[in-house]
Amino acid sequence: MKKWLQRGFAIFITGMIAGTAHAGAEHPSFSENWTVEVESNIELIGDVDNKLISLDSGTQTLKVFDSENGEVVNTTDIETTENHLNVSGVNEGYIFIEAFTPGGALATDGRSTETIVYSAEGEKVFTVEGGLIGAEYGKNHQILVQHHETDNNAIELRSFEDEIVASFDPAFEDPLQIIHTKPESDPSVIFSYGHEDPTFAALNEDLDLMWEIDDLPGDFAPTETSLLDSRLIVHGQNDEIAAYNIEDGTRTDNLLKYTDEELFIQKGYFDHERFLTIEEDKINLYNENLEKVTTQPSQGNVSNIKFKTVDSPKQNHVLITDYTNSEDYTSSMLDESLEERWTSDKATEPNTGHTTNSEGELLTFMPDEDTLYYASPEQPYTAIHQLENKKLTQEPVFSTNNKQVFFQTVDEDLNIYLTALDRDPTEKSKTEATPADHEWTIELNHAVDADSVHKDNVYIKNEHGTTLNIEKSVHEYKIDVQPEDGSYAPGDYTLHVSDELTSENGTQLTKGVQHEFTVD
């Protein structure tokens with residue numbers, strides 16, 4: 001059963017098969033495609049058009065490998081006088097490289113002295129002196145630039161022809177920190193400034209100032225921020241949490257405050273509408289208004305628990321790793337209702353990270369076994385590749401289409417290798433398919449208004465975007481949906497439930513729901 005938590009009016013879609021509840025599905029299979037020896041340690045960046053991009057900081061070169069066979073197809077010398085390089089991101093086929101010299105003019109605050117943009121083909125696009133490029137920005141593929149020079153703390157929007165499209169030149173001299181960017185929306189940039197008197201501010205798409213927040217509650221000392229769907233969540237030093245409306249900067253009436261000074265709390269981002277805390281013996285989920293929507297008991301000592309949000313197209317999950325027992329680490333995957341999906345006696349070391357992809361799949365290295373492990377919201381940790389007396393030098397990288405995995409290893413003689421694993425194209429289990437005559441049941445926690453159940457609010461589209469003819473039956477708290485002719489043709493489908501659906505007392509869903517399924 002899949003559940004969407006809505007304020008006041010909850011919706012469930014039941015009758016799900018593997019693909020959303022894969023308990024019986026076979027785990028993905030990977031096989032080694034190629035392994036090549038490389039001259040030095042490289043940083044894997046990502047793949048573009050069947051090309052694997054890497055940075056060799058030692059020789060200051062971009063190296064491009066053919067992802068099909070591991071052959072080097074291009075090597076480009078990076079044009080810079082700085083001696084330290086770091087890849088800040090890859091977007092739309094462009095590579096953003098920060099360059100600085102340790103001990104240089106800007107090294108003390110960790111900022112780059114220049115940022116260089118290269119194409120995936122190894123062509124230099126341009127360089128920004130003393131600026132940090134945030135990301136490709138907006139539908140016109142512009143670039144957000146933040147300056148850090150002593151006499152310049154401006155934010156700029158530039159084209160790839162290096163023309164300034166828009167800029168914000170603050171009246172204050174304090175260095176500012178960009179904490180959120182969201183192209184093609186207002187606000188488009190949220191930043192903070194001021195150490196003694198912290199202030200948050202927002203800019204629109206044209207980098208005009210929208211609002212400023214300086215009314216932090218009491219002696220509130222912000223330590224971190226996160227952004228939910230329409231709220232800026234600010235975490236305070238004394239375990240206080242405040243929420244602000246991102247449209248106008250006004251603070252909500254709610255303020256979470258933990259008064260027990262001895263209480264150890266972990267706080268984290270869960271998805272675009274909720275955040276999660278682990279405190280004492282329970283795990284709590286809060287919405288954007290700081291209202292508690294779900295709570296579950298925690299099995300371990302909170303100070304020994306580590307959690308990681310796992311995003312997937314279907315629903316978010318959280319991976320809980322319990323390090324309470326040093327001899328017996330455990331892992332659990334919880335869904336968005338904090339219900340356990342699986343538990344495993346496999347767990348990463350405390351300082352070991354995960355690689356995740358757009359499907360919510362994870363890869364991690366278990367050093368005590370020299371083995372690469374796979375996991376997903378439906379599949380517990382499963383060994384997929386033995387490294388054979390080699391050590392992983394960095395986290396693996398998924399290809400853009402998630403069909404390949406790339407990683408770098410080093411052996412006892414310090415020889416360095418680059419390896420590609422291919423996903424078995426026949427791995428898709430039959431249990432992932434939905435029967436052609438399947439009936440979906442939409443369950444609600446309040447009686448539904450039958451008049452709101454019509455073709456614009458509950459419908460199914462196929463992979464070509466065509467709306468199907470379906471039959472809908474309303475049974476107070478349930479809506480049954482099935483194809484009009486009794487079966488679906490093979491293909492991919494999406495069941496849509498609009499936010500216009502209402503209960504008998506007039507309460508409307510705050511967010512629509514989409515569920516994808518496949519018929520073989």
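User: How much accessible surface does the protein chain have, and what share belongs to carbon and sulfur atoms?
Analyst: This is a predicted model, where local features need pLDDT of at least 70 and side-chain atom pairs pLDDT 80 or more, while totals for chains, interfaces and linings use all residues. Residues are numbered from 1 along each chain as its sequence is written, and side-chain values use heavy atoms, leaving out hydrogens and water. With Shrake-Rupley and a 1.4 Å probe, the surface comes to about 24700 Å², and the carbon and sulfur share is 41%.

User: What percentage of the 520 residues count as buried?
Analyst: Buried means under 20% relative accessible area, with a 1.4 Å probe and protein chains only. By that cut-off the figure for the protein chain is 52%.

User: What kind of aromatic pair do phenylalanine 168 and phenylalanine 191 form?
Analyst: Rings of Phe, Tyr and Trp (its six-membered ring) pair if their centres lie within 6.5 Å; planes under 30 degrees apart are stacked, over 60 edge-to-face, the rest tilted. Here the centres are 5.7 Å apart and the planes at 45°, so by that rule the pair is tilted.

User: Is phenylalanine 191 buried or exposed?
Analyst: Its relative accessible area is 0%. Phenylalanine 168, its ring partner, has 12% and is buried. Phenylalanine 191 likewise counts as buried.

User: Which ring does the charged end of lysine 390 sit over?
Analyst: The rule wants NZ of Lys or CZ of Arg within 6 Å of the ring centre and within 35 degrees of the ring normal. For lysine 390 the distance to the centre is 4.2 Å, and the ring is that of tyrosine 417.

Methods:
Buried < 20%, exposed > 50% of the residue type's maximum accessible area, 1.4 Å probe, protein only.
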